[in-house]
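Hi,

Here is the structure I promised to pass on. Please have a look at it first, and then read my notes below.

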Amino acid sequence: MTPVIEIRDLWTQFGEVVVHRGLNLEVVPGEILSLVGGSGSGKTVLLRQALGLQRPARGSVRVFGEDINGSRDARRLQELRRRQGMLFQHGALFSALTVFDNVALPMRELRTLPEELIRDATLLKLDMVGLQPEDALKMPADLSGGMIKRAALARALALEPELLFLDEPTAGLDPSRSDSFVELIRSLHRSLQLTVVMVTHDLDTLFALSTRIAVLADKQVIACGAPEEVVAVRHPFIEQFFGGERGRLALGGWRSRRERQ
């Protein structure tokens, strides 16, 4: 199976600070791969590199088989980016645009779609994430935290991407809204056959969604596998991250759900 993302011998450096040293990682089609790591481990930087927004010091990043740092074909790179969607941690909606115009923006930037089709597609995306037609005319300042997440997710899905990046998707949500948003992501992942790469610190979200977990520490991926495989790895960060009370509760809930399935 050809990886959707293939990262080989990646080095990331800012001045004298080395963030990644010889990092290797693959993302396979259809999975939800979650990235976890301590502060400064370079999780969000890795997302930016996979999106082609930041170049590593050396190494290769291949997305859909294309070396996004080695290619000089701007049109080809733009086509690759259209196959990807990004949900930012705080939504990153444009405050001066309505919800409708935020979601419609990626389609309008193509400059090839008639406005009638954009309107119908935008309302469809809003419906997919659980927002009503009347929400389309609201401004971001009028939305709750959960609605901001849903509107931002609709925008990330506007161009019907195959690959979706999620940066702390449930950050700032109360437990009820977090559970609802996790279920929405799970449903969309299944129905749209998405490949998802997610950064999260939330252990409940991590276990609820992850097909595999990749742990960043010591400037590399120190473990990558199914949740039960990763938590069994003997490493100080893994033991600290998963070994506390919250980690044990989240892991126990995940095991109970698996047994009921």
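Let me start with helix 6, where Pro 175, Ser 176, Asp 179, Arg 190 and Ser 191 are exposed (over 50% relative accessible area, with buried meaning under 20% and partly exposed in between; 1.4 Å probe, protein chains only). Helices here are DSSP runs of H or I with at least four residues, strands are runs of E with at least two, and both are numbered from the N terminus.

Before going further, a word on the source: this is a predicted model, in which local features need pLDDT of at least 70 and side-chain atom pairs count only at pLDDT 80 or more, while totals for chains, interfaces and linings use all residues. Residues are numbered from 1 along each chain as its sequence is written, and side-chain values use heavy atoms, leaving out hydrogens and water.

Back to helix 6: its buried residues are Ser 178, Phe 181, Val 182, Leu 184, Ile 185, Leu 188 and His 189. Seen down the helix axis, these fall within an arc of 160° (taken from the directions from the axis to the C-beta atoms), so they line one face of helix 6. After the helix comes Gln 193, with a positive phi near 55°.

Leaving out residues up to four places away in sequence, Leu 153 touches Leu 87, Val 129, Leu 164, Phe 181, Leu 184 and Leu 188 (contact means heavy atoms within 4.5 Å).

Phe 88 sits in the loop between strand 6 (84–87) and helix 3 (99–110). With 37% relative accessibility, Phe 88 counts as partly exposed. Beyond residues up to four places away in sequence, Phe 88 touches Arg 155 and Asp 167.

Finally, helix 1 (residues 43–50) is mostly covered, with six of its eight residues buried: Lys 43, Val 45, Leu 46, Leu 47, Gln 49 and Ala 50. Just after helix 1, Gly 52 has a positive phi of about 80°.

Best wishes
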